[in-house]
Amino acid sequence: MIALGRAFLAATIFFLYLPIVVMVALAFNASPLYTLPFQLTFHWFVVLANNGPLLSATYNSLLIAVATSILATAVGTLASLALNRRSFRGQSLLKVLLLPPIAIPWLITGTAMLVFFFWTGIGRGLHAMLIGHVALAIPYVVLIIGTGMQTLRADLEEAAMSMGSTPVHAFFAVTLPLLAPSIIAALLFAFAVSLDQFVVSYFLATPGVSTLPVEIYTSIRKGFTPEINAISAIFLAVSAILVLIFAQLSNLGGNRDRH
Amino acid sequence: MIGIDIASIGKGYGALRVLDQVSASFKAGEFTSLLGPSGSGKTTLLRIIGGFIEPDDGQIRFGGEDVTHVPLWRRKVGMVFQSYALFPHMSVHDNVIFGLNRQGIKGEAARKEVARVLEMVHLTGFEQRKPKQLSGGQQQRVALARAIVTKPRVLLLDEPLSALDRRLRQDMQIELRRIQRESGLTTIFVTHDQEEALTLSDTVAILDKGRIVQEGAPLDIYERPRTRFAASFLGDANFFMGKSLAGGVMTPGGVIRTADAMPALGALATLAVRPEKMRLVPKGGADPGENIYTVTVREIIYAGAVSTFIGEGADGNQVKVLSQNRDITDVEHGQSVELAWSPAHTVLVVD
């Protein structure tokens, strides 16, 4: 069993991380045709600095990802509170409807959104991509926060209220701090869903306004240049650092009780 | 100190009536237990008094003030939850000071109050601990400190001892009673443990199916149960059913007499007798005037200090007798013995 586990781990590293390492290495390689021997250069980063469309796509990607994670987490947290703490008409229907979007292929969601946004006059562009990403991320947020809420007893808020807290104060003094690890995880997840999103963005992008995955895809079709590797390397570094910071924060939140 | 009055409280969920026309008075500074099996509505009643649930009808008064529609956070109650509901992200100090801060008591005055109640519950020095770093008994005492520090108008306890093991529970019963006396708070305690209700309370109210069936001092309720349910839920009881005579009932095993006033002659009546009031006597060994009932011994349960005998009357009526083992009673399985007890210990109950 252990040998099998090790083999699996090795395969994971080989097929998942090795290609990424190669890509990062090639970002620093002088040859535009990916030929060896390896010659260290920062030339592609200079080229990248002059590639306007790629840079603006990167900026769009980050902007949408940050906005999506904040919006989706805010809306999703409130939805999760409503679903778990109150009872209202259509509650079970809403609960059921929240999950399928996770399983529906993005290609279908993307097509549907394109048609629907066209009809309703929402159209395409940054705002449309933001709406699409938020819609895609909310089910994940509700799922993560909902799991966090299950470990949170309802009588904690009651206890706070019996000591003079209004419902709003009880929420901010008791529920929110205890939900913090889940909220951080939800933020991170929503951020990742948005940053990763290609299909929906591809449908909703307009010429000149796209996100990094869409721009990379378009560039590759025109011919692969190592500046793609360069932007990917930067992106990789930024998202890896973000993930580590978030993981550390949420871990701290989870450990607070034990120290 | 103020008393609590509830009048005609009703609460239902759909077709289910959880509480039905419940009225009661909880005297100022007294410790009252709401005792009943699960589903009797005792917790619902406690939560209605606290303001956690709104009743469908009826009125709640705290010392004359109508609080029926006063929201929970303005009702000034202290509540100890079954799960303690301590805030896991706050220290003991922060948990206890929470209510004071909500009342606008801050700084040195608040710290003094926290120190005072923590001393009362013997937790001085634990201020900076988190709830997870405390034992069950300690968490329980923090919950209690948190509930009494604001000097609430009523202290509500929802089965707070049920999560503790037996030994700790007995210690906490004594502690709870001491703290309640020291603080002088009007206290309402919900429990399904009859022994707990008897030992802790000034008054016990027995609930059954959404109604208070009997209310009184533990001694009165135990010695003079009014209903068959009260007699069997609070302690053990033997029942004798038969047609009513003057001063007793006619059972297939003979006449059982009581000092209680009987209903109309010929009506079906039930008499209750506590197992410890009966004794096993040799044939003809009963004192004059005592009730005598002949049974066949079916079971002998020896438990050190006491033994329990289960006998069966001629009509199949099972009778339990509790006997102190000062002298070992010499009886055997299947032996026919006589039980003797005083008519004064024979209580008329209604079904």
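Trainee: Which residue stands opposite B:I310 in strand 18 of chain B?

Mentor: This is a predicted model, in which local features need pLDDT of at least 70, side-chain atom pairs count only at pLDDT 80 or more, and totals for chains, interfaces and linings use all residues. Residues are numbered from 1 along each chain as its sequence is written, with chains lettered from A and ligands numbered from 1 in the order in which they are written. Strands (E, at least two residues) and helices (H or I, at least four) are DSSP runs numbered from the N terminus. In strand 18 of chain B, the residue opposite B:I310 is B:K320.

Trainee: How many bridges join strand 17 of chain B to strand 18 of chain B?

Mentor: Two strands pair if DSSP finds at least two bridges between them. Strand 17 (residues 306-312) and strand 18 (residues 318-324) of chain B form a hairpin with five residues between them, and B:G316 in the turn has a positive phi of about 90°. The two strands run antiparallel, and the bridges that join them number seven.

Trainee: Which strands of chain B stand at the edges of the six-stranded open sheet?

Mentor: The sheet has mixed pairing and the order 6-7-8-3-9-10 in chain B. Each edge strand has a single partner strand, so one side of each is left without a neighbour in the sheet. The edge strands of chain B are strand 6 (77-80) and strand 10 (211-216).

Trainee: What is the bridge partner of B:L157 in strand 8 of chain B?

Mentor: Strand 7 (residues 154-158) and strand 8 (residues 187-191) of chain B pair in the parallel sense over four bridges. Within strand 8 of chain B, the partner of B:L157 is B:F189.

Trainee: Which element of chain A gives the most to the side that touches chain B?

Mentor: Residues are in contact if their C-beta atoms, placed from the backbone, lie within 7 Å. The contact takes 17 residues from chain A and 19 residues from chain B. On the side of chain A, helix 8 (155-162) and helix 9 (167-196) are the elements that give two or more residues. With six residues, the element that gives the most is helix 8 of chain A.

Trainee: How far apart do the C-alpha centres of domain 1 and domain 2 of chain A lie?

Mentor: The domain bounds, which come from an automatic or database domain assignment, are 1-41 for domain 1 and 52-255 for domain 2 of chain A. Six residues of domain 1 of chain A are in contact with seven residues of domain 2 of chain A. The C-alpha centres of these two domains of chain A lie apart by 30 Å.

Conventions. Contact = placed C-beta atoms within 7 Å.
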